[in-house]
Amino acid sequence: MDGFSDQPFRTICREMGSSVSYTEFINVLDLIKPHPYILKRITFDEAERPVGFQLYGSSADEIMPAAVKLLDQNPDFLDLNLGCSERRVASRGAGAGLLDHPEEIEKIAKELVAQTGLPVTAKIRLGPDKTDLNYLEISRLLQDCGISLIAVHGRTRDQRWREPAFWEPIAEVVQAVKIPVVGNGDIKEIVDIDRMLAQTGCAGVMIGRGAIGNPWIFSRVEKAMLSRKEILAMIKKHWQRFSDFQGVNESKVPFNKHLKAYLTSPQFFGVNIPQLLSEKDPVEELFKIFNI
Ligand SMILES: Cc1cc2nc3c(=O)[nH]c(=O)nc-3n(C[C@H](O)[C@H](O)[C@H](O)COP(=O)(O)O)c2cc1C
């Protein structure tokens with residue numbers, strides 16, 4: 001997840017039981033004319049393997065030079081983002097913007113498979129909108145192009161994050177293709193993992209927002225059962241890795257989104273979170289409150 005699943009958070013999720021790491025999505029245009037943030041985005045820890053770079057771009061001509069360049073970093077796989085509904089991405093025909101252009105998807109997928117020699121995976125939504133649910137067509141197409149695994153987010157591009165995710169189409173994709181299908185959308189709690197597996201027959205699940213502030217979900221430990229001390233220990237570990245990675249001063253504001261999510265839990269009732277987050281050094285303030 002853009003802005004969340006950086007190397008520090010991914011290594012924590014891995015230690016908690018996640019089985020695969022995807023980088024935050026990478027704008028291929030930023031790789032060709034290297035952008036300063038990109039070095040951090042393509043950094044991963046050996047312990048994260050298998051790890052894949054997730055790419056977005058609007059055409060094979062845009063994506064291929066970046067994909068080839070990334071081979072030097074020795075990832076285990078590459079993932080093609082066909083799911084991002086952000087306007088700045090989709091409106092330029094990248095991410096879920098490509099769902100209107102199966103012919104370009106075919107070209108990109110075939111070239112990625114042929115020219116990188118790596119397993120290539122893809123992440124899709126159900127289609128551009130409810131009048132054009134082309135997930136089966138796109139899934140079969142991806143399989144025919146040699147894609148190794150498809151992750152399906154059970155919403156259309158137009159839905160963005162509105163309405164609950166539809167899981168039935170994920171089950172249809174499982175039936176329609178022979179490659180592994182990963183189900184995604186609205187896995188908020190541990191029980192949802194088993195519901196998704198049972199209802200769709202998918203090979204695995206992808207957890208997005210449900211992991212923010214709750215990496216324990218990967219070890220099937222209920223956050224509600226944890227002590228305040230255990231949550232604070234995780235915040236400390238995450239903060240240390242985050243600030244080592246970003247630099248302490250550069251970390252204070254960006255870490256707040258993680259901090260807020262960790263603290264949104266009954267163990268922290270009574271803590272004035274908005275006030276804490278407005279402090280100059282919120283983590284230090286939190287540790288002061290709890291004598292850490
Ligand atoms: C802040 C944010 C950033 C995201 N960034 C990415 C991304 O870089 N690549 C991607 O494939 N999906 C991204 N997503 C989508 C999620 O991976 C996931 O498909 C979606 O949130 C539905 O799953 P969930 O209900 O478990 O969150 C992002 C979602 C959020 C909320």
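Close-up 1. Apart from neighbours within four places in sequence, Val-174 is in contact with Val-181, Thr-200, Gly-201 and Cys-202, where contact means heavy atoms within 4.5 Å. Lys-69 is 105 residues from Val-174 in sequence, and the two C-alpha atoms are 33 Å apart in space. The model shown here is predicted, with local features needing pLDDT of at least 70 and side-chain atom pairs counting only at pLDDT 80 or more, while totals for chains, interfaces and linings use all residues. Residues are numbered from 1 along each chain as its sequence is written, and side-chain values use heavy atoms, with hydrogens and water left out.

Close-up 2. Thr-156 sits in the loop between strand E6 (149–153) and helix H8 (168–176). Thr-156 counts as buried because its relative accessibility is 1%; buried means under 20% relative accessible area, exposed over 50%, and partly exposed in between (1.4 Å probe, protein chains only). Not counting residues up to four places away in sequence, Thr-156 touches Arg-125, Leu-126, Gly-127, Pro-128, Asp-129, Lys-130 and Leu-133. Arg-160 lies in the loop between E6 and H8 too. Arg-160 is partly exposed, at a relative accessible area of 22%, and has a positive phi of about 50° although it is not a glycine.

**Close-up 3. The cis peptide bond between Arg-49 and Pro-50.** Arg-49 and Pro-50 are joined by a cis peptide bond, with omega about 0°. Pro-50 is placed in the loop between H3 and strand E3 (51–56). Most peptide bonds are trans, and most residues other than glycine have a negative phi.

**Close-up 4. Gln-7 in helix H1.** Gln-7 belongs to helix H1. With a relative accessible area of 14%, Gln-7 is buried. Leaving aside neighbours within four places in sequence, the contacts of Gln-7 are Thr-43, Phe-44, Asp-45, Glu-48 and Phe-245.

**Close-up 5. The second largest pocket.** The second largest pocket holds about 240 Å³ of space. Its lining has 14 residues, of which Asp-6, Glu-24, Lys-40, Arg-41 and Gln-246 are the closest to its centre. Two or more lining residues come from each of helix H1 (7–16), helix H3 (36–41), helix H10 (228–246) and H11. A pocket is an open set of points on a 1 Å grid over the protein atoms alone, where a 1.4 Å probe fits, with protein on both sides within 12 Å along at least five of seven lines; lining residues have an atom within 4 Å of a point. Grid points are joined across faces, edges and corners, and the volume is the space filled by probe spheres set on the points.

**Close-up 6. Helix H11 against helix H13.** Helix H11 (residues 248–263) packs with helix H13 (residues 282–289) at an angle of about 30°, their axes 10 Å apart. H11 is therefore roughly parallel to H13, a term for angles under 35 degrees. Axes are lines fitted to C-alpha atoms, for helices over the stretch in contact, and angles run from 0 to 180 degrees between N-to-C directions. From H11, Phe-255, Asn-256, Leu-259 and Leu-263 meet Pro-282, Val-283 and Leu-286 of H13.

Notes
Helix = DSSP H or I, 4+ residues; strand = E, 2+ residues; numbered from the N terminus. Parallel < 35°, antiparallel > 145°, perpendicular 65-115°, else oblique.
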